[in-house]
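Biologist: I would like to go through the labels attached to this model and hear the grounds for each.

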Amino acid sequence: MRLSRIIMALTIGLAVVSAPSAAGAAQPQPTPYPPQPSVLTVSPSTIFVGETTTLVGAGFGPNEVVEITVTITPLAAGLPGQASARRSDGSTVAMAPVAFRAAAPTHFTVVTDAAGGFTTTYTPDTPGQYLFTAVGQTTGRTASATLTVLPKPQPTPTPTFKPRPPHHGGKLPVTGDSLGTPLAVGGGLVGVGVVLMLAGLAWRRRGRFGGSTR
């Protein structure tokens, strides 16, 4: 009788102890998900000097300080917007890029929102290839994006054309206005000649008649 009670007590104790373990094993375990990768985009990705692009980051920690570093390299020869030089034979060749120092910021920080994202703008003042690298100061997550900045296009001068007079055998066409002055001068000279001729005839006649009366 005593042995049976001992066995029953042990059975009940084992059941009580194993019940929480069985309940915990029956509960579904959360599925582990990989952490969201950090992303950095630039839009638009090609602009001219003086224009503004927008940087959008995602996948960082909530309310995290993100440090952004800007690395600038000259444009490669042959890219759109590169200046060219003219050779003595008339052909053109792209000019080699030169080193420069940008005045736009090359290091700044932003703070993400509760979802781990941020949006900021950037206005470059020098042509080149821009590499933006974002690093989360708490999570250590990184992301990068590139931007192409072209030189500001030069306005094309509007050619001015002056009308050329028609060419007729090397002589300009004669109009009525241009003939008026020469005709008037010629007519005056003819009139003066007639008057002088008449005066000369009258003088001779007078001299002839005067000689016969003596």
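Modeller: First, a definition: patches are made of residues with over 30% relative accessible area and no salt bridge, like charges being joined within 9 Å and nonpolar side chains (Val, Leu, Ile, Met, Phe, Trp, Tyr) within 5 Å. A salt bridge is a side-chain nitrogen of Lys or Arg within 4 Å of a carboxyl oxygen of Asp or Glu. Areas come from the Shrake-Rupley method with a 1.4 Å probe, and for residues only the protein chains shown count as cover.

The model is predicted: local features need pLDDT of at least 70 and side-chain atom pairs pLDDT 80 or more, while totals for chains, interfaces and linings use all residues. Residues are numbered from 1 along each chain as its sequence is written, and side-chain values use heavy atoms, without hydrogens and water.

Biologist: Which residues make the nonpolar surface patch?

Modeller: Met197, Leu198 and Leu201 make the patch, of about 310 Å². Leu201 lies in helix H2, residues 176–212; helices (H or I, at least four residues) and strands (E, at least two) are DSSP runs, numbered from the N terminus.

Biologist: Why is Leu201 called partly exposed?

Modeller: Buried means under 20% relative accessible area, exposed over 50%, and partly exposed in between (1.4 Å probe, protein chains only). Leu201 has 48%, so the residue is partly exposed.

Biologist: What is the order of the strands in the open sheet?

Modeller: The 3 strands are ordered S1-S3-S8, with antiparallel pairing. Strands S1 (39–43) and S8 (118–122) each have a single partner strand, so they stand at the edges. Two strands pair if DSSP finds at least two bridges between them; S3 (residues 53–58) and S8 are joined by 5 bridges. In one of them, Leu55 has Thr120 of S8 as its partner.

Biologist: Why is the pair of Phe60 and Phe118 called tilted?

Modeller: Rings of Phe, Tyr and Trp (its six-membered ring) pair if their centres lie within 6.5 Å; planes under 30 degrees apart count as stacked, over 60 as edge-to-face and the rest as tilted. Here the centres are 5.9 Å apart and the planes at 50 degrees, so the pair is tilted. Phe60 sits in the loop between S3 and strand S4 (65–73), and Phe118 is in strand S8, 58 residues apart.

Biologist: Are Phe60 and Phe118 buried or exposed?

Modeller: Phe60 counts as buried at 3%, and Phe118 counts as buried at 6%.

Biologist: What makes Tyr122 and Tyr130 an edge-to-face pair?

Modeller: Their ring centres are 6.1 Å apart and the planes stand at 65 degrees, so the pair is edge-to-face.
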